[in-house]
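Work through these exercises with the model open. Try each task before you read its solution.

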Amino acid sequence: MMRHKDDLARIITAESGKPLAEARGEVVYAAQFLEWFSEEARRVYGDVISAAVPGRRALVLKQPVGVAAVITPWNFPSAMITRKVGAALAAGCTVVVKPAEDTPFSALALAELASQAGIPPGAYNVVPCSRARAQEVGAALCTDPLVSKISFTGSTATGKALLHHAADSVKRVSMELGGLAPFIVFDSANVDQAVAGAMASKFRNSGQTCVCSNRFLVQSGIHDSFVSKLAAAMRASLRVGNGFEEGTTQGPLINEKAVEKVEAHVSDALAKGATLVTGGKRHPLGNNFFEPTLLSNVTRDMLCSREETFGPLAPVIKFHTEEEALAIANAADVGLAGYFYSQDPAQIWRVAERLEVGMVGVNEGLLSAVECPFGGVKQSGLGREGSKYGIDEYLEVKYVCLGGV
């Protein structure tokens with residue numbers, strides 16, 4: 001992968017629109033998962049348990065769960081594959097990957113590189129399909145008796161449908177589903193640092209990541225300063241354009257449906273009293289391009305406060321107390337990532353422990369790393385990916401009782 005990182009990055013940009021610099025970063029990130037899990041493979045430890053009965057020995061073995069069906073999204077068409085496949089192969093599982101209909105070429109390129117790298121035929125398999133047949137193919141993978149494990153990253157609605165399929169044969173399942181990430185800025189925060197974190201968290205991949213900040217909760221004391229500085233940063237540093245062009249930071253959204261959702265969230269908020277600070281409409285470059293948009297005076301009843309936007313929209317809600325911020329943040333039925341900025345040590349501990357999410361960024365807008373566990377709580381998923389915990393999703397624990405010793 002690292003030898004071919006430029007070619008892989010160009011494929012990502014060509015099929016998803018992601019700016020080339022971000023695409024190169026994704027390829028390196030994706031390759032790191034293969035390196036990480038190749039190292040974790042040697043640390044799949046069993047155990048010896050002291051038996052209570054004389055003459056017995058108790059052993060614990062870890063064995064591969066079996067064939068894994070891997071269903072991946074379009075927003076990270078390389079990294080979401082290697083984060084799953086690296087763990088599966090390291091555990092000893094063969095895999096069948098169904099890539100997103102919008103981005104099949106990255107998965108096929110990885111299949112070619114797997115072959116060149118010496119991965120045995122049949123160990124890494126790719127089954128692309130059309131959008132019209134995606135549901136049918138997903139159901140086939142989740143119900144086939146030869147498949148023992150399902151790993152899915154995508155929407156909560158699709159995840160629930162796949163869980164229904166998997167339930168009939170009680171397959172092992174891990175899922176990384178939708179989020180509604182809060183980004184809380186308390187009065188004690190360093191506002192400039194918070195703005196920088198907001199830019200990184202919100203506008204990576206044009207707002208199309210599962211851990212993108214979706215709701216900005218800003219305390220009343222620094223609210224106006226934060227909104228003003230965030231608007232200035234957006235105007236100064238975000239450039240909408242072709243992903244292959246130097247200097248582009250915001251490429252197109254993945255398809256027309258994605259743009260329509262951002263438009264719906266903006267129009268709903270404005271109709272209910274939000275204030276448009278900057279952006280707010282499609283970009284002149286083309287139908288799939290949308291202006292980076294900032295809204296203030298946002299309320300909890302607006303769609304952008306209740307649904308994941310998956311686009312370049314930053315809605316700001318003003319709050320007054322820590323309790324109020326936590327109530328708003330935890331009101332969602334999902335809990336993938338959450339962020340907050342504060343310089344108060346006691347508050348940092350309180351809020352980090354009380355946020356109902358699987359991952360928390362404290363004074364930090366980017367939190368993904370191969371060595372750290374990635375996953376959510378509530379309806380944001382099951383299990384963890386990456387880290388030392390990720391390989392366990394593809395292992396069965398077998399207890400062996402040896403008698404007559």
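**Exercise 1: Strand β4 and its partners**

In β4, the bridge partner of I71 is K98. The model is a predicted one: local features need pLDDT of at least 70, side-chain atom pairs count only at pLDDT 80 or more, and totals for chains, interfaces and linings use all residues. Residues are numbered from 1 along each chain as its sequence is written, and side-chain values use heavy atoms, with hydrogens and water left out.

Task: Find which strands are joined to β4, and by how many bridges.

Solution. 
- Step 1. Helices (H or I, at least four residues) and strands (E, at least two) are DSSP runs, numbered from the N terminus. Two strands pair if DSSP finds at least two bridges between them.
- Step 2. Take strand β3, residues 67-71. Four bridges join β3 to β4, and the two run parallel.
- Step 3. Take strand β5, residues 124-126. Three bridges join β5 to β4, again in parallel. Here V95 stands opposite Y124.
- Step 4. β3, helix α3 (residues 79-91) and β4 form a right-handed β-α-β unit. The chain then goes from β4 through helix α4 (residues 104-117) to β5, also a right-handed crossover. Right-handed means that, with the strands pointing away from the viewer, the path from the first strand over the helix to the second runs clockwise.
- Step 5. Check the side chains of β4, residues 95-98. V95 and V97 point one way, V96 and K98 the other, and all are buried. Buried means under 20% relative accessible area, exposed over 50%, partly exposed in between (1.4 Å probe, protein chains only).

**Exercise 2: The nonpolar cores**

Task: Identify which residues of the largest nonpolar core touch the most other members.

Solution. 
- Step 1. Define the core: a set of buried Ala, Val, Leu, Ile, Met, Phe, Trp, Tyr and Cys residues joined through side-chain atoms within 4.5 Å.
- Step 2. Name the residues. Of 38 in this core, M1, L8, I81, V95, V97, Y124 and Y394 touch the most other members.
- Step 3. Find the suppliers. α1 (5-16), α2 (20-40), β3, α3, β4, α4 and β5 each give at least two residues. The largest share, nine residues, comes from α2.
- Step 4. Zoom in on I81. Contact means heavy atoms within 4.5 Å. Leaving aside neighbours within four places in sequence, I81 is in contact with T72, G86, V97, A107, L110 and Y124.
- Step 5. Note a second, separate core of 31 residues. Its members include A231, A233, M234 and Y341.

**Exercise 3: Buried or exposed?**

Task: Classify E176 and A157 as buried or exposed.

Solution. 
- Step 1. Locate E176: strand β7, residues 172-176. The unreviewed UniProt entry annotates E176 as "active site". UniProt positions follow the numbering used here, feature names are shortened, and annotations may be inferred rather than shown by experiment.
- Step 2. Classify E176. It counts as buried because its relative accessibility is 3%.
- Step 3. List contacts of E176, not counting residues up to four places away in sequence. Among them are M80, R83, F152, C210 and F374.
- Step 4. Turn to A157, in helix α6. A157 is exposed because its relative accessible area is 59%.
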